[in-house]
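I opened this notebook to record what I looked up in one structure. The entries follow the order in which I consulted it.

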Amino acid sequence: MAQLKPVLSFPAVQPEERRGDALARQYATVRALSELLTATLSAEDQMVQSCPEASPAKWHLAHTTWFFETFILSTHFEGYRPFDQRFRDLFNSYYNAIGVQPEKALRNTFSRPGLDEVRKYRQHVDSRMEKLLASSVPTDSVLDLVELGLNHEQQHQELLVTDIKHAFWSNPLRPAYQPDAPRQAVAASAPQKAQTFAGGLVEAGHDGRSFHFDNESPRHRVFLQPFRIAVRPATCGEYLAFMDDRGYERPELWLSDGWKAVQTHHWTAPLYWEKSDGAWYQYTCSGMRKVEESEPVCHVSFYEAEAFARWAGARLLTEYEWEMAAAQSAVKGNLLESGSFHPQPAAAADATPLLQLFGDVWEWTASAYLPYPGFKPATGALGEYNGKFMSGQMVLRGGSCATPQSHIRATYRNFFQPEIRWQFSGIRLADDSI
Ligand SMILES: [Fe+2]
């Protein structure tokens, strides 16, 4: 696969530029990336759905297109004729206000429409979207929907990567999704240290001056006790020490639900790890390879992150602590643009005091995914985007090696159920500064 960097540069909006023109360029960039991410996948590859949380790649390509057709073209493009009226239900994910939707587990049964048809569907929608953005018709609220649609597609790009990784791992042939992904020379990771934050009354949440999801707002005040935060995420080597200390066999280290998950799923290591001839190997987007102790550990559940923290005499950060620590950091790191598709060791020479806040691995927090004070979901069907999932999930922060750089920010809240492991999810420790 070609290096992703040139394709991914998200052009900055010039002050004198029409917003429609800027969004048209961003639209072309984002849509092209989805094509690039699936360019090496066959039609058969794009049908696989190997775990309940994943979706087939072809479905991602169609559903992201459905989003633009359903929420923008159907109501804001005069005389718009749907590519296929039946797709309105077929590629609906979870929007009850739009209509019925097929059960998620059945997405891998959609052999029709075929991949060629889905590609034609994308072209049909793209040409109308280009026309709409080039015109003077769209109001600011329609352009806001376009921006939402682009961010929605970026979320699905990350899912596409994690879903195809799981699909290829599930295949006994263990094909590599990105056989030629660049890999950093294995180095010792930066030494682990703690940085102290004074806490106090701080503001958290998005200030509303640029694009954000509704779950990031409103900005509000919170009081934090002083705390200490690890300068980098936990490494595979540190996690191996937890495993060697019988971490998966000691119920006292686990939350009750976590211990139940260990027993139910027979967890003995992170997802994708396998022991062979006394050594640990892991499946990566580039195929099977030896576990490198200097790399951040990833594909762990919230329960594993929490048990590891307890074993280490520490705890996980709250999402507010994470946001306060990240507020002054630039959004840069090992994100999708690097093309590595795998977390890399923390560089000791990095000048910033906190390393790898953005990229490499999503960091599980100790915070339940709940509405901020004063939270109001968007009106209409799009109110279902985030708000209705605020139950039984934990917040993750910072993005991963599969997150597009222009998609992530300090206020961004990702969320998954605590037993989920197929995302690039890792661990950053904290403790109370007393
Ligand atoms: Fe979606």
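Entry 1, burial of a tyrosine. I looked up Y121 and found a relative accessible area of 0%, so Y121 is buried; buried means under 20% relative accessible area, exposed over 50% and partly exposed in between, with a 1.4 Å probe and protein chains only. F87, at 5% relative accessibility, also counts as buried. I note that the model is predicted, that local features need pLDDT of at least 70 and side-chain atom pairs pLDDT 80 or more, and that totals for chains, interfaces and linings use all residues. Residues are numbered from 1 along each chain as its sequence is written, and side-chain values use heavy atoms, with hydrogens and water left out.

My search of the whole structure returned 41 aromatic pairs. I applied the criterion that rings of Phe, Tyr and Trp (its six-membered ring) pair if their centres lie within 6.5 Å, with planes under 30 degrees apart stacked, over 60 edge-to-face and the rest tilted. The rings of F87 and Y121 have centres 4.9 Å apart and planes at 75 degrees, so I recorded the pair as edge-to-face. F87 lies in helix α4 (residues 87-90) and Y121 in helix α5 (residues 115-134), so this pair ties together parts 34 residues apart in sequence. Helices (H or I, at least four residues) and strands (E, at least two) are DSSP runs, numbered from the N terminus.

I then examined F213 and Y412, whose ring centres are 5.9 Å apart with planes at 90 degrees, so that pair is edge-to-face. F213 is in the loop between β2 (200-204) and β3 (220-224), and Y412 is in the loop between β10 (394-397) and β11 (414-416), 199 residues apart. I found both F213 and Y412 buried.

I required NZ of Lys or CZ of Arg within 6 Å of the ring centre and within 35 degrees of the ring normal. R107 lies over the face of W59, at 3.6 Å from the ring centre. The charged end of R413 sits over the ring of Y372, 4.0 Å from its centre.

Which residues coordinate the iron ion? I found H63 (NE2), H152 (NE2) and H156 (NE2), at 2.2 Å. Donors are N, O and S atoms within 2.8 Å of the metal (3.2 Å for Na, K and Ca); water is not among the atoms, so sites may look incomplete. I noted the sequence spacing of the donor residues as H-x88-H-x3-H.
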